[in-house]
Each structure stands twice: as structure tokens, then as C-alpha cells.
Amino acid sequence: MSTEEDAVLEREFDALMAKAGAKVPADRKAGIVAGYKDIKRMTALLRQPRTEAAEPSNIYSLTGFRRSRQP
Amino acid sequence: MSASQALHELSIAEAGRRLRAGTLSSVTLTQHCLSRIAALDPLLHAFVLVTRERALADADRADRELKAGVDKGAMHGVPYALKDIYATAGIRTTCHSKLLIDNVPAEDAVVEAKFKAGGAVLLGKLATHEFALGGPSFDLPFPPARNPWNLEHFTGGSSSGSGAVVAAGLVRTAMGSDTGGSIRGPAFYCGTVGLKPTYGLVSRRGVFPLSYTLDHCGPLTWTVEDAALTMQVIAGYDALDPASADIPVPQFASGLGQDLAGLKLAYPRSFFARQEDVTAEVVASLDAAAQQIANLGAKVEEVELADFELFNACGRVILIAEAYAIHEKNLLTRPLDYARYTYQRMMVGATISAADLTQAFRLRRELAAIINTHILATYDAIITANGLTPAPRFDEFPADVPPKMTLQTMPFNVTGNPALAIPTGFAKNGLPLGMQIVGRAFDEPTVLRIGAAYEAASGSIKKRPALELPIAV
């Protein structure tokens, strides 16, 4: 990754931390930026070809509430 | 097993036979374990708390009950230990973190309640990576556990203490938790058995969460039989755990001792062999294990799975997003109370979007379908790599950036299938190697059957690490 790409990545990261309300200690920032770079690669992999109807694995279900009702 | 054999080498089953025959007392067995802990734990740093008085009281009660003919099951009078993320009523539960250093729960985790009801003997609480994620960290209230095979090497994690104590012969069974490989990683690096059960088979209630949809509770043990007997105590439906499965508990040991005739196993060799970091001796060890399983009567066939990176990306995004949601308040207000690695890993969760997470959950359904309705519709189980390299040295980890782990475990947290870690031998540097046996959902008996047959044939687990003991125990 070029210096310019690294700078863009860091600006993105700073904006996301500001949005989250996080004040990242300076000596811990490099490790999180490295993790952010890696997670960006991973989130790109998640976008596989699929139809609009393809459901996620954690769809909401009411059966769990019904079965766990205390006697 | 001879009467003179060291007590820590007694299997859970053999200890149970002697306890019931009156040739061994639980107090004697417990005192032996406590002596080994006193001698070896200063080297291993595997316990964050030894519950000596509680253990001796549990043991005395078990002896009296067994003498009176009260039999509470396979672990009655048998010692165990808990990763320090399992809540224990009245006993400090820290998650190995400054944030919970004074936390004393009022209630037991369901697993702990089941051990108590089964008459087992709690030896103490075990080291973990902070909140089951960070690590290895030297900036926490307790040091990281060390690998009994070489104290300069990593145990794996996050169930770091659990791997160390079982490998060193301090206890036969120790509970871990597994969100991306935290049972199977330490089992691989420390040379023990480790079972990540099917998602929903063991209640997670009272265990500090890392990722709601990926967390699994399970044991690290010295043998496959020990794992089966531990599972018989801890498995079962819990209406108050939203993920708990309302199904009958199987007889986990029902397949032990059988050969593998009639079983068909998938061997996705390229899944690990084409990974950049894999070592030649890991691949050779897996090939030899696959051949040995074939020699035991199973039909082993090479198959192709979806790319490992898809499973890993899916699991990592979900894990970090859920962990961040759990810890958000403390991460924002008390950043320096987390270890450096823990904080750095968790804060990445603040960068994940809602769309990212939804896409991960959509991919998860697709990957689970590949494993459960394609591969495991044809095959009884999958055998594959656990880790790509033996345990790294502590001094190989960078100071400022959390290390990347070379485990192959995340795919089966994503799919939820049962996955057994089992040793396959040793690398040239003397550190353990191992494999995973992955089964159909809720078919732990078949997974354990395969593991036990391989274990008996290979004999690779019978060696203990050569730790220096100041006294003979």
C-alpha cells in the first residue's frame, strides 16, 4: 500500500473513531489501524453474489421467547 | 492401569472406578492435584485462583456420599477447573481483566452448577486471554499461562490456562470456551484433546460473552474418553440460554472402542495445504493421520471446501462486531484498563458497518449450508488441520500490533458443527501437532468415536511434557 493510500486509510479510521466517540490513546492507534486495514479486506469478501431474498443466519424468531417463559 | 501409577494419570473413568471401589478417596486424589499445582503452577501461571478449601470440602463431601451409596455420575469426586470467565458464586471471576478484578458473582454459571450437582471437585479458576479475546498479554493483573512443552512458547488461547493444566497433568478436565478456536487452539499448541461441541448443546449462561452467536462452551481433556465423560455432565437444554437446543442429550461415550468400519470421512487437504503459513511437517502429520484413520476402516476421500478466507472473514467480522457491542461503554470510557492487544482488537469493531455485519450473517447461512447439506450429507465427518504451525514463541509477537493467529478453527464456529481437537504427534522442535475432527450437528458420539479410535491407534497423546519438579508429585 502506498503512502497516500495509508494516509487515506488513516483519515477514514480517524473519522470512524470520531463517529464512535472514541479517543484512542496515541500509542495504541497503530495496532487498531492495522486491524482496520485487515477488516476492510474481509468485509469486501463478504459481498458474494446472492439474491435479494438470501436471508441472514440470525433471523428473528419468537419461539425462543415462548420456550424460555418462566413457569 | 496399575495401582501404583501416578494419580494424575488416572483417567476420569478409572478414578471413578477406584472411588466407587473404595481403593481411592477423592480427598487423596484432590490433594495430589493440589500438590502438583503448588509445584508446577509457579512455572506455568495457569491458575489465577486455586480454590483449595473449596476443593477439599467438595472432595470430603464426595467421599462421604460415595461411601453412603450416593452416586452422582461420572465425575463424582473427580477434580476439574474452570476458565476464569465462568461465573462461580462467591468465588472471584475476573475474566483475567483489571475491569473485573473484584467481581464476585452471586450465581453460578449453568456449567458450574452442573459440575456441583454432579459431585465434582473444583480446583480453581484458570488463566484466559482477557475477556477471551486479547493475548498473549503481559500488561494484565495476572501473567499469561505458559506452554508446558516449552515455557518460552505460547499456549494458544483464549483458554490458555485450560490447555496448560491439562497438558501438565494438574487436572484431567478443564473448561474452556471457543468463539474462533479458543478451545481447539490451546489444545493444539499444548497437545491435549479439546471439544468444541455443537452450538447450543452446552449452556453459555453465566459465561462472560465474547460473541453471542459464536460462543461455545466445552472441555479440554487429556483423552477423548475424558471429554466424553465431561460432556455427559455439562450438556443439556437451558431454556434461559436463547441458543440452547432442546434435544435429548446423547450418550457421548457410546461409540468409544469401536473401529471405524463403515464411516466415510472427507479430507479437505487443499483447505489447509495451500495456506501460505502452513509448515511441511503439519501437512505431513495430517496426511499420516488421514492414512491411519483409513487403516482403521474408514473410507477417507479428498474433497474441496469453500475458501478458508471466506469462513474466516465471516467469523471475524461477526466476532469483532459483537465483542465491540458488548464492551463499547468500557472501551470508550476506560481504554487503558484493557490490555493493549485486547483494546486494539476490540476497537476494530467500531469500524464495522451494519451492512458489513448483515452481509456476514448472509454469508454464514451459505457456508453453514455448504458444510451441513453438502459435505456432511455425504460424509460422516471431516478431518482437517487445527493449526498451521506449532506454538510460536512469546518473543515472536510484535509489541504494537496484535499478532495474527494461524489457526484453522473459525470455520466451525461459523457453522456451529462439533469439532474435536486431537494431537497427532510432535514437530521437530518438540511442540505438539494436531488435527480437527468435525461432525454433523449434535453428532458428538461419532466425532468422539473417530477421535478415540485414532487416539488408541496412534498413541501420540501418552507422552507428558518434561517439567522440572522441585518435589516428587
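This is a predicted model: local features need pLDDT of at least 70, side-chain atom pairs count only at pLDDT 80 or more; totals for chains, interfaces and linings use all residues.
How many helices and strands does chain B have? Chain B has 14 helices and 11 strands.

**Overall form of chain B**

The C-alpha trace of chain B spans about 60 × 60 × 45 Å along its principal axes. A compact globule of 473 residues would have a radius of gyration near 23 Å, and the 21 Å of chain B agrees with this. Of the 473 residues in chain B, 60% count as buried. Among the contacts in chain B with a separation of 6 or more, 78% come from residues 24 or more positions apart.

**Packing of H9 and H14 in chain B**

Helix H9 (residues 280-295) and helix H14 (residues 444-458) of chain B pack with their axes 10 Å apart, at an angle of about 105 degrees. Angles of 65 to 115 degrees count as roughly perpendicular, and H9(B) and H14(B) are therefore roughly perpendicular to each other. On the H9(B) side, B:Ala289, B:Gln292 and B:Ile293 take part; in H14(B) they meet B:Ile450, B:Tyr454, B:Ala457 and B:Ser458. The residues of this contact comprise 5 nonpolar, 2 polar and no charged.

**Contact between chains A and B**

Across the two chains, 31 residues of chain A are in contact with 37 residues of chain B. On the side of chain A that touches chain B, each of the helices tabulated here supplies at least two residues.

| Helix of chain A | Residues |
|---|---|
| H1(A) | 3-20 |
| H2(A) | 29-45 |
| H3(A) | 63-67 |

H2(A) gives the most to this side of chain A, with 10 residues. By class, the side of chain A that touches chain B holds 17 nonpolar, 9 polar and 5 charged residues.

Which residues are buried in H11(B)? They are B:Arg340, B:Tyr341, B:Thr342, B:Tyr343, B:Gln344, B:Arg345, B:Met346 and B:Met347. Helix H11 of chain B, residues 340-347, is thus described as mostly covered, with 8 of its 8 residues buried. Two elements pack against the buried residues of H11(B): H2 of chain A and helix H10 (308-333) of chain B. H2(A) is also the element that gives the most to the side of chain A that touches chain B.

Methods:
Residues are numbered from 1 along each chain as its sequence is written. Chains are lettered from A and ligands numbered from 1 in the order in which they are written. Helices (H or I, at least four residues) and strands (E, at least two) are DSSP runs, numbered from the N terminus. The radius of gyration is taken over C-alpha atoms; the globule rule is 2.2 Å times the number of residues to the power 0.38. A residue is buried if 20 or more other C-beta atoms lie within 10 Å of its own, exposed if 12 or fewer, and partly exposed in between; C-beta atoms are placed from the backbone. Two residues are in contact if their C-beta atoms, placed from the backbone, lie within 7 Å. Axes are lines fitted to C-alpha atoms, for helices over the stretch in contact, and angles run from 0 to 180 degrees between N-to-C directions. Angles under 35 degrees count as roughly parallel, over 145 as roughly antiparallel, 65 to 115 as roughly perpendicular and the rest as oblique. Ala, Val, Leu, Ile, Met, Phe, Trp, Tyr, Cys and Pro count as nonpolar, Asp, Glu, Lys and Arg as charged, and the others, Gly among them, as polar.
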